[in-house]
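Here is a short briefing to read alongside the model. Have the viewer open, and follow the topics in turn.

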Amino acid sequence: MPSSPGAAALVCSGVTVTAPSGSGELTLLRDLDVSVSERRAVVVGLNGSGKSTFLRLFNGLVRPSAGTVTVHGTDVARDVRAARRRVGFVFTDPLSQLVMPTPVEDVELSLRGAGVPRGRRRGAALEVLERVGIAHRAEHSIYDLSGGERQLAAFAAVLAVEPDVLVLDEPTTLLDLRNRGRLMELLEGLPQQLLISTHDLGLAATAPRVLVLHGGELVADGPPRQVVTAYQGWCEHGFPQEVRP
Ligand SMILES: Nc1ncnc2c1ncn2[C@@H]1O[C@H](COP(=O)(O)OP(=O)(O)OP(=O)(O)O)[C@@H](O)[C@H]1O
């Protein structure tokens, strides 16, 4: 499908997300208006600030109660399958994503879903596992892998199908310094648009744009030099914004 002008963006317009809570409802995201066209953007925020909820809007795992979400021109609510073909989503917890007994089989399953012929799947799967640095664990049980190895395997399974956009929820959480460095280098070289949530401010500093969520609201948005420094101060001394309950 040809892209419309300016369509290479992840856009939330007037997005509010609520969830039932007891007899009332909880607001998880409030009045978000944001358009991300940068090749790399990072979302930071305290635990429970709404980062995962925000990321999940872009593959339709979270539905807004108000507003619209579009991915490169595709309205996620109208055509969630098309949105999911464009957006590869890597979860924080790899076990919620890996479904096959071994990494190579999991990547092969992704390739099958993308229509890659059977005879080409194993070679392509091993190649992508090599790229993320866990080819040596390709045929081991997922349950024998370390947390970091599982995180890389889950990433490989998403990367293998070459989506236009990669949404990564806390991708360095389980990684040692060597694998963190390797992953950051790999991310740097990818042609895809990347939207990443993280508590890793070193990773945040590598993106041209950083968004800060607090209490489900966007409270800062800009280049990392300004935003990361402000965020660190707020974490220490308190956020300036009075967030509504
Ligand atoms: N379906 C739901 N029902 C009720 N509350 C929810 C639901 N999903 C998320 N929440 C709450 O919304 C808030 C935001 O959750 P979210 O997972 O987006 O935070 P986060 O910024 O990703 O946090 P963390 O850094 O801890 O991963 C949390 O308080 C969470 O408990």
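In the residue classes used here, Ala, Val, Leu, Ile, Met, Phe, Trp, Tyr, Cys and Pro count as nonpolar, Asp, Glu, Lys and Arg as charged, and the others, Gly among them, as polar. By that scheme, the shell around the ligand divides into 3 nonpolar, 7 polar and 1 charged residues. Please keep in mind that this is a predicted model, in which local features need pLDDT of at least 70, side-chain atom pairs count only at pLDDT 80 or more, and totals for chains, interfaces and linings use all residues. Residues are numbered from 1 along each chain as its sequence is written.

**Around the ligand**

- The residues surrounding the ligand are Ala 19, Leu 26, Leu 28, Gly 45, Asn 47, Gly 48, Ser 49, Gly 50, Lys 51, Ser 52 and Thr 53 (a residue is near a molecule or strand if its C-beta atom, placed from the backbone, lies within 6 Å of it).
- Strand 2 (24–36) and helix 1 (51–57) each give the shell at least two residues; helices (H or I, at least four residues) and strands (E, at least two) are DSSP runs, numbered from the N terminus.
- Helix 1 has the largest share of this shell, with 3 residues.

**Helix 4 with helix 5**

- The axes of helix 4 (residues 118–132) and helix 5 (residues 147–159) come within 9 Å and cross at roughly 130°; axes are lines fitted to C-alpha atoms, for helices over the stretch in contact, and angles run from 0 to 180 degrees between N-to-C directions.
- Helix 4 and helix 5 are therefore oblique to each other (angles under 35 degrees count as roughly parallel, over 145 as roughly antiparallel, 65 to 115 as roughly perpendicular and the rest as oblique).
- On the helix 4 side, Val 128, Leu 129 and Val 132 make the contact, and on the helix 5 side Leu 152, Phe 155, Ala 156 and Leu 159 do; two residues are in contact if their C-beta atoms, placed from the backbone, lie within 7 Å.
- This contact of helix 4 with helix 5 consists of 7 nonpolar residues, with no polar and no charged ones.

**Helix 3 with its partners**

- Helix 3 (residues 103–113) and helix 4 have axes that come within 9 Å and cross at roughly 120°.
- Of the residues where helix 3 and helix 4 meet, 9 are nonpolar, none polar and 4 charged.
- Helix 3 packs against helix 5 at an angle of about 25°, with the axes 8 Å apart, and the two helices are therefore roughly parallel to each other.
- Pro 103, Asp 106, Val 107 and Ser 110 of helix 3 touch Ala 153, Ala 156 and Ala 157 of helix 5.

**Annotated domain**

- The UniProt annotation "domain: ABC transporter", from an unreviewed entry, covers residues 10–240; UniProt annotations may be inferred rather than shown by experiment.
- Residues 10–240 are 36% helix and 28% strand, and their end C-alpha atoms lie 27 Å apart.
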